[in-house]
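Biologist: Please put the structure up, and then I will ask about it piece by piece.

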Amino acid sequence: GIQVEQSPPDLILQEGANSTLRCNFSDSVNNLQWFHQNPWGQLINLFYIPSGTKQNGRLSATTVATERYSLLYISSSQTTDSGVYFCAVDGGATNKLIFGTGTLLAVQP
Amino acid sequence: DAGVTQSPTHLIKTRGQQVTLRCSPKSGHDTVSWYQQALGQGPQFIFQYYEEEERQRGNFPDRFSGHQFPNYSSELNVNALLLGDSALYLCASRDGPKGSGANVLTFGAGSRLTVL
């Protein structure tokens, strides 16, 4: 099955800093989503981005499907950005998402 | 517009017991999936229900079973609980195969199960 690797595993930032999270996947995908899991466990969908670039406020994401990676950019980070960021992919038309191991982000005031 | 709702939010069981978790999908969604998230790990796919039938199944034993009702809500049942079943159980919903949002999953807040 598809393997999903995320880096870095942990990241500590000062408020206002920028960061880039990476997701590598081992096969072609037709679904890629980025999620933010808050400290209470809620998974919030950030982007549906199997290819191309999208932006939503301080967040943006780029997926280069031919090279099998996706990047999540966080600019001007805030303490509320803290939590775990997951990349999840699906290689078939099933929506059986395969999750990476996540990046734990801590934004300090 | 209510999102995906799950109940209960927390529960404690002992080994060997049985548990039922419930999920109501987002309005307009007819496909429900269940995921198990152990501490410190990413969610793992358990199974997916559409039109009241199990359509996809992950690598989970038969102790894990489910059901989908005509109103699209769903239940996850786990029998003969083991300590290793302690986890956050997440429900997700999406439009059906022909829906415009068919590829985007929306998750509930989860049910945190502790097995003692």
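Predicted model: local features only at pLDDT ≥ 70, side-chain atom pairs only at ≥ 80, totals over all residues.

Biologist: What radius of gyration does chain A have, and what would a compact globule have?

Modeller: The C-alpha trace of chain A spans about 40 × 25 × 20 Å along its principal axes. For 109 residues, a compact globule would come out near 13 Å. Chain A agrees with that, because its radius of gyration is 13 Å.

Biologist: How much of chain A counts as buried?

Modeller: A residue is buried when its relative accessible area is under 20%. Of the 109 residues of chain A, the share that counts as buried is 49%.

Biologist: Among the contacts in chain A with a separation of 6 or more, what share comes from residues 24 or more positions apart?

Modeller: The contacts considered here have a separation of 6 or more. Within that set, residues 24 or more positions apart account for 55%.

Biologist: How many salt bridges are there between chain A and chain B?

Modeller: The two chains do meet: 18 residues of chain A are in contact with 19 residues of chain B. They bury about 1500 Å² between them, with 51% of it on carbon and sulfur atoms. Five residue pairs are in polar contact across the interface, both residues at pLDDT 80 or more. The count of salt bridges between chain A and chain B is zero.

Biologist: Which strand of chain A gives the most to the side that touches chain B?

Modeller: Strand 4 (31-37) and strand 5 (43-48) of chain A each supply at least two residues of that side. The residues of the side divide into seven nonpolar, 10 polar and one charged. The most, four residues, comes from strand 4 of chain A.

Biologist: How many positions apart in sequence are the parts that B:Glu75 and B:Arg22 tie together?

Modeller: The side chains of B:Glu75 and B:Arg22 form a salt bridge, 3.5 Å from N to O. B:Glu75 is buried at 18% relative accessible area, whereas B:Arg22 is partly exposed at 42%. B:Glu75 lies in strand 8 (residues 74-78) of chain B and B:Arg22 in strand 3 (residues 19-24) of chain B, so the parts tied together are 53 residues apart.

Biologist: Are B:Asp85 and B:Arg63 buried or exposed?

Modeller: B:Asp85 and B:Arg63 form a salt bridge, with their closest N and O atoms 2.9 Å apart. B:Asp85 is in the loop between strand 8 and strand 9 (87-94) of chain B, and B:Arg63 is in the loop between strand 6 (53-57) and strand 7 (64-68) of chain B, so the pair ties together parts 22 residues apart in sequence. Both residues are buried.

Biologist: Which residue's backbone nitrogen does the side chain of B:Ser93 reach?

Modeller: B:Ser93 is in strand 9 of chain B and is buried, at 0% relative accessibility. Leaving out residues up to four places away in sequence, B:Ser93 touches several residues, including B:Val4, B:His29, B:Val32 and B:Leu105. At 3.2 Å, its side chain reaches the backbone nitrogen of B:Lys26.

How values were computed:
Residues numbered from 1 in each chain as written. Chains lettered and ligands numbered in written order. Heavy atoms only, no water. Contact = heavy atoms within 4.5 Å. Buried area = accessible area lost by both parts, 1.4 Å probe. Salt bridge = Lys/Arg side-chain N within 4 Å of Asp/Glu carboxyl O. Polar contact = N/O pair within 3.5 Å; in protein donor to acceptor, adjacent residues only side chain to side chain. Nonpolar A, V, L, I, M, F, W, Y, C, P; charged D, E, K, R; others polar. Rg over C-alpha atoms; globule rule 2.2 N^0.38 Å. Buried < 20%, exposed > 50% of the residue type's maximum accessible area, 1.4 Å probe, protein only.
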